[in-house]
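Reader: I'd like a close look at one part of this protein, please. Could you walk me through it in plain terms?

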Amino acid sequence: MVKNFLIISKLGKVGPAVFHNQFVSSTNSPEAYRYFIYGQTAYYKNDYNTARDWFLQALVIDSNLVGALAKISTSYFNEFRYEEGKIWCLRYYSKLDMMTMQQKIWANVLYAIYFNTPNERIRYLRQLIDIDDHQPITYFQIGDSYLEMDQFDKAIPESEKALEIFQKWDAKPPWIAYYIELGQAYHKSGKYKEEKKLYRKAEKDFPDDPELLDQQAWLALTEGDTVTANRKIRKYISIRKEQSWSEAKIASNVAYIYYMSDIPGKAEEYYRQALSLEPENPLRLTGLAYFLIDKERNINEGLQLVDKALELNPDSYYSFHCKGWGLHKLGKHKEALEFLEKSMDLNPIYRYIIAQHLEEVKKAVAGQN
């Protein structure tokens, strides 16, 4: 027991405390804990399949290492595989009686991500800050919640606080997301000077990370620096090809770069290219449709595209949302309400943007009445 304790204590000193973070329960198995650390390493590289393999191995050795359950759940969430993530979330939540007070609050945070609203998630995260205000992950998650609700003025100081703690530790963040989400908040707030400074630091910690490259590209395009933007885009495409991304998926993501740069013509060009490569893919159909509708470039064409997407996938909350939003744009508010309510019913998690659009349409219907 003493030997195991000493080994686990030594393993726990590898990297900053956040690396082994809030989810870990007590374990007497150095091997299980080692596998958990391997899982964390893969997780923060966005290699979620490998991470899950390590977490599952940790659970085989020690089924009470509940942190592995939580990380499996969030790995599925980060891949948009919400139904699978919910299963593991509920397994994790069923272990409350084994958890410390902080771990129970973290369990409530994870539960809120799947089954409640961002405001509920923030409420639990604030409780954690009252207990320990030196964990970057807590501030990061608060910033993430505000970002989801487009409350950038609130997201920015929280995300900045997370990075400040790493700076005090003289350690780089384990995950590029700490930079990515703050960069998005800066960009959408028009704080391009702060965004550029942030990316210079991020580039040192995560050189040639594709998630960083696309944001550097949209900043350069926004500032009119097409030479830098094109270089970043070429590098981004090259890396994604090495990662075996499909041509359609790459084109769709390049479209988003131009969307964030407020260059709708180029964005539409790449959305159409993505669809031409996968013409029967409901995701590509709805992606172009939503762009055409939301930017009011061709609402009728957008509705035709989303109708085809619904024929291919009649249970897509994304397509129902898109069609409802398009009908609303045409002034057909009562019809739009039906589709947006269906989208909310089908959605596996709470989506702030759908809830906002639903409220807007409800007000329009009330106005008509």
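Which residues lie nearest the centre of the second largest pocket, and how many residues line the pocket?

Author: Happy to, and keep in mind that this is a predicted model. The second largest pocket has 17 lining residues, and the ones nearest its centre are Leu163, Gln167, Tyr179, Leu198 and Lys201.

Sort the lining by class and you get nine charged residues, seven nonpolar ones and one polar one. Leu163 and Leu198, both among the residues nearest the centre, count as nonpolar, while Lys201, also in that central group, counts as charged.

Let's step back to the chain around the pocket. The chain has 21 helices and zero strands. Its C-alpha atoms fill a box of roughly 70 × 50 × 35 Å along the principal axes. The radius of gyration is 22 Å, which agrees with a compact globule, because 369 residues packed that way would come out near 21 Å.

Inside, 51% of the 369 residues are buried. Among contacts with a separation of 6 or more, 53% are between residues 24 or more positions apart.

Terms used: Residues numbered from 1 in each chain as written. Predicted model: local features only at pLDDT ≥ 70, side-chain atom pairs only at ≥ 80, totals over all residues. Heavy atoms only, no water. 1 Å grid on protein atoms, 1.4 Å probe; cavity = no way out; pocket = protein on both sides within 12 Å on 5 of 7 lines; lining within 4 Å. Helix = DSSP H or I, 4+ residues; strand = E, 2+ residues; numbered from the N terminus. Rg over C-alpha atoms; globule rule 2.2 N^0.38 Å. Buried < 20%, exposed > 50% of the residue type's maximum accessible area, 1.4 Å probe, protein only. Contact = heavy atoms within 4.5 Å.
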